[in-house]
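Work through the exercises below with the model open. Try each task before you read its solution.

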Amino acid sequence: MLSRIIVALIGIPILVGVLYHGGFPLLVFTNIIVGMGAYEFYQMSEIGGKNPNKILGIVMAVLIPNVLFFEKLGTLSLGVEGVLAIATVLAIGMRVVQNRVEDASVDLGDTVLGALYTGILFSHVLLISFLPNGGKWLLTAQIMVWVCDSFAYFVGMTIGRKFFKRGFNSISPKKSIEGSLGGTIFTIISLFLLDRYFILVDGGISLINIIVLGVFISGVAQIGDLGESMFKREFKVKDSGTVLRGHGGILDRFDSMLFVAPVMYYLLKFIIL
């Protein structure tokens, strides 16, 4: 418990500052999350009996946010699609040279999936940072994730399985539909309050857009959480890692944000802003 408190007291202010101010510190932070997240994914995969190309996967994952960031600044012409194409050719080519046929598609699939899951999804925090009030929106996204996670837990613990008997038994037995709905409702409320006091856009966000954004963000936050739980159950591990004392691994803490970042970015780009 003490280690959890210490990590939270140190980590949360740093996270808030980095998300809000963006720029190069956000790029460094993204590299750390993506690199360590990819490493944890491949470690879990190996524990589960798979044999991904861990080094190539981590390099591919970390290249993605850097290429994206400097491409947005106009200092690099190579796109993310180029990184994915080159890495895929290398992954298949190395396997061919090794002359190994058994489980080739599974191992190559895990190699590419680990890079896409961490690198592509989380790199959208950089894209959000380039939007108008990007820092405020990143902080809003993180607060919505915290609210969703916290209230889904509290509502689930209070009235879980009392109205809906079927939950998410196969993936996460403790998750309930009541908790999921509670998380969604309070996520919408949190966005309503943040819009009023954080001045996210001039003139405020319409109520219908607040509801739409809140529902989508809550939904994908919970899918991200359950998605990582799905991988952990398949690979038969309890936590993705131990780097965050008492909080598990990087993927355990940022699984929801992996899914929220891209959805938030495209909703903002095509509906809100």
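## Exercises on a predicted model

**Exercise 1. State the accessible surface of the protein chain and the share that belongs to carbon and sulfur atoms.**

Solution. The accessible surface of the protein chain is about 13,900 Å². Carbon and sulfur atoms account for 69% of that surface. Keep in mind that this is a predicted model.

**Exercise 2. Describe the secondary structure of the protein chain.**

Solution. Count the elements: there are ten helices and zero strands. Read from the N terminus, the order is α-α-α-α-α-α-α-α-α-α.

**Exercise 3. Compare the radius of gyration of the protein chain with that of a compact globule.**

Solution. Start with the length, 273 residues. A compact globule of that length would have a radius of gyration near 19 Å. The protein chain has 19 Å, so the two agree. Next, take the extent of the C-alpha trace: about 60 × 50 × 35 Å along its principal axes. Then turn to burial: 47% of the 273 residues count as buried. Finish with contacts between residues at least 6 apart in sequence: 72% of them join residues at least 24 apart.

**Exercise 4. Find the residues that touch the most other members of the largest nonpolar core.**

Solution. This core holds 61 residues. Phe 122, Trp 137, Val 260 and Met 264 touch the most other members. Helix 10 (residues 250-272) gives the most to the core, with twelve residues. Now look at Val 260 and set aside its neighbours within four places in sequence. Val 260 is then in contact with Ala 141, Val 145, Ile 217, Val 220 and Ala 221.

**Exercise 5. Is Asp 225 buried or exposed?**

Solution. Locate Asp 225 in helix 9 (residues 207-235). Its relative accessibility is 16%. Buried means under 20%, so the label follows. Asp 225 counts as buried. Beyond its neighbours within four places in sequence, Asp 225 is in contact with Lys 175, Asp 255 and Ser 256.

**Exercise 6. Examine phi at Asp 103 and at Lys 236.**

Solution. Begin with the background: most residues other than glycine have a negative phi. Phi of Asp 103 is near 60 degrees, a positive value. Asp 103 sits in the loop between helix 4 (80-98) and helix 5 (104-122). At 45% relative accessibility, Asp 103 counts as partly exposed. Phi of Lys 236 is also positive, near 60 degrees. Lys 236 sits in the loop between helix 9 and helix 10. Lys 236 is exposed, with a relative accessible area of 71%.

Methods: Residues numbered from 1 in each chain as written. Predicted model: local features only at pLDDT ≥ 70, side-chain atom pairs only at ≥ 80, totals over all residues. Heavy atoms only, no water. Core = buried A, V, L, I, M, F, W, Y, C linked by side-chain atoms within 4.5 Å. Buried < 20%, exposed > 50% of the residue type's maximum accessible area, 1.4 Å probe, protein only. Helix = DSSP H or I, 4+ residues; strand = E, 2+ residues; numbered from the N terminus. Contact = heavy atoms within 4.5 Å. Rg over C-alpha atoms; globule rule 2.2 N^0.38 Å. Areas by Shrake-Rupley, 256 points an atom, 1.4 Å probe, with all protein chains shown as cover.
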